[in-house]
Amino acid sequence: MTSHLLPTYARADLAFERGEGAWLMSTAGERYLDFACGVAVNVLGHAHPKLVAALTEQGQKVWHVSNLFRIPEAERLAARLCENSFADTVFFANSGAEAMECAIKMARKFHAVSGNPDRYRIITFEGAFHGRTLATLAAGGQKKYLEGFGPVAEGFDQLPFGDIKLVKKAIGENTAAILIEPVQGEGGVRVVPPQFLKALRQLCDEHGLLLVLDEVQTGIGRTGELFGYQRSGVAPDIMALAKALGGGFPIGACLATADAAKGMTAGTHGSTFGGNPLAMAVGNAVLDVVLDEGFLPHVQKTAILFKQRLAELKDRHPGVIAEVRGEGLLIGLRAVVPNGDLVSEFRAEKLLTVAAGDNVVRLLPPLIAGESEVTEAIGMIDRACTRIAAAQKPVNLGAAR
Ligand SMILES: *Cc1c(COP(=O)(O)O)cnc(C)c1O
């Protein structure tokens, strides 16, 4: 069958008709364990009763009114995000890239209204991913994504990952901010050491720069804390959220301190759909669950169990898995074999995962997963690795002789 969808994705030939918790049912009637979670989106799994109720209840009241009017659901969600973070103020958008666009504009505007319009450059890091708009692509700096799309948006200085001396050297009179993900997700689940984040915070304070965190993938419980920055003990000035915040409903959010946001006055930014009542009702319902007292400790416990069991598998299959890494339930398996092969073999076991940079396979269970889902996944991963290892053996023996 020919498809009329723009062919920008290399899709697996697999579709789903419904889901429940950590499980998805394919149109062919097969059950899959979903550790892809729509790329770190479905934190509460599929068809969570509280999210379904929030969406259907709001759906019968009002869907959309635009930001020409007050939106009480948005005011409530913003207040709750601020109560539970460093932030004083929130702009709602519809995606991660849009949340990042707001963050970038805000950082530049801060300096402009402080009398330094030439301070617009932002330091970023290799392996970063900040979205697919023209500015966020420039921030991410990946050649393969920028090629053929005309002039690259100006104002980003990309540095190697994790070298504080190079950051010091790169700060100049035009530098406005430093932008980083607490854990690089698309880049291959590369965890930023807390000391590095602390050192960045210190540099920002010394030089009057804003620290901007892209927590689009790490935010809302994925790392075992509500936000990834919380394990480092330092707070940003601006932070982008999206993926998990809507639990599957498209939402983006840019959080900031009042000072960092001081330039963003009426008319400086906007979005037609951003913060609409449907999205906000679902976002509030996600927070109802994630902020519940026992929720994050449960995520931390599941993460420890999963990582222990994965470390055992790595020891048993050294020809397949090179390393287990990550933070909370943002887990990466660095593969010995091509990561795409591993994703395919996992899918053959009915386990859904996501490939990432650095030859990594991302395991992104819904945060509601527990011991039984971990046990199922470990069995599937073990079988897939055993099959790959068995296929490798003759080659290895031949090489040894
Ligand atoms: C997914 C992602 C984005 C982009 O989000 P979209 O909703 O696809 O625009 C930006 N930053 C990070 C860290 C992400 O993981």
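**View 1. Lining of the largest cavity in the predicted model.** In this predicted model, the largest cavity is lined by Leu134, Leu146, Phe149, Gly150, Pro151, Val152 and Ala153. Six of these lining residues are nonpolar and one is polar, while none is charged. The volume of the largest cavity is about 30 Å³, and a search of the whole structure finds one cavity of 30 Å³ or more.

View 2. Strands of a sheet pair through backbone hydrogen bonds, in either a parallel or an antiparallel sense. Strand 1 and strand 2 run antiparallel and are joined by four bridges, whereas strand 2 and strand 3 are paired in the antiparallel sense over three bridges. Strand 3 (residues 31–34) pairs with strand 15 in the parallel sense, over two bridges, and here aspartate 34 has leucine 352 of strand 15 as its bridge partner.

**View 3. The two hairpins around strand 2.** Glycine 19 has leucine 24, in strand 2, as its bridge partner. The hairpin formed by strand 1 and strand 2 has two residues between the strands, and glycine 21 in its turn has a positive phi of about 60°. On the way to strand 3, the hairpin of strand 2 and strand 3 has four residues between the strands, with glycine 29 taking a positive phi near 85°. Across this second pairing, methionine 25 stands opposite arginine 31 in strand 3.

**View 4. The two covered faces of strand 2.** In a regular strand the side chains alternate between the two faces of the sheet. Strand 2 (residues 23–26) is covered on both faces, with Trp23 and Met25 buried on one side and Leu24 and Ser26 buried on the other.

View 5. Histidine 130 is found in the loop between strand 5 (121–125) and helix 5 (134–140). Although it belongs to a loop, histidine 130 counts as buried because its relative accessible area is 3%, which is under the limit of 20%. Its side chain makes a polar contact with the side chain of aspartate 214, at 2.8 Å.

View 6. A disulfide is a covalent bond between the sulfur atoms of two cysteines. The count of disulfides in this model comes to zero. Cysteine 254 is in no disulfide, and the nearest cysteine sulfur, that of cysteine 102, is 3.7 Å away; a pair would have to lie within 2.5 Å to be counted. Cysteine 254 is classed as buried because its relative accessible area is 1%. Cysteine 385 is likewise classed as buried, at 0% relative accessibility.

**View 7. Glycine 172 in a loop.** Glycine 172 has its place in the loop between helix 7 (164–170) and strand 7 (175–180). With a relative accessibility of 35%, glycine 172 counts as partly exposed, because this value falls between the 20% limit for buried residues and the 50% limit for exposed ones. Proline 194 lies 22 residues from glycine 172 along the chain, and the C-alpha atoms of the two residues are separated by 24 Å.

Notes:
Residues are numbered from 1 along each chain as its sequence is written. This is a predicted model: local features need pLDDT of at least 70, side-chain atom pairs count only at pLDDT 80 or more; totals for chains, interfaces and linings use all residues. Side-chain values use heavy atoms; hydrogens and water are left out. Two strands pair if DSSP finds at least two bridges between them. On a 1 Å grid over the protein atoms alone, a cavity is a set of points where a 1.4 Å probe fits but cannot get out, and a pocket is an open set with protein on both sides within 12 Å along at least five of seven lines; lining residues have an atom within 4 Å of a point. Grid points are joined across faces, edges and corners, and a volume is the space filled by probe spheres set on the points. Ala, Val, Leu, Ile, Met, Phe, Trp, Tyr, Cys and Pro count as nonpolar, Asp, Glu, Lys and Arg as charged, and the others, Gly among them, as polar. Buried means under 20% relative accessible area, exposed over 50%, partly exposed in between (1.4 Å probe, protein chains only). A polar contact is a pair of N or O atoms within 3.5 Å; within protein, one must be able to donate a hydrogen and the other to accept it, and residues adjacent in sequence count only if both atoms are side-chain atoms.
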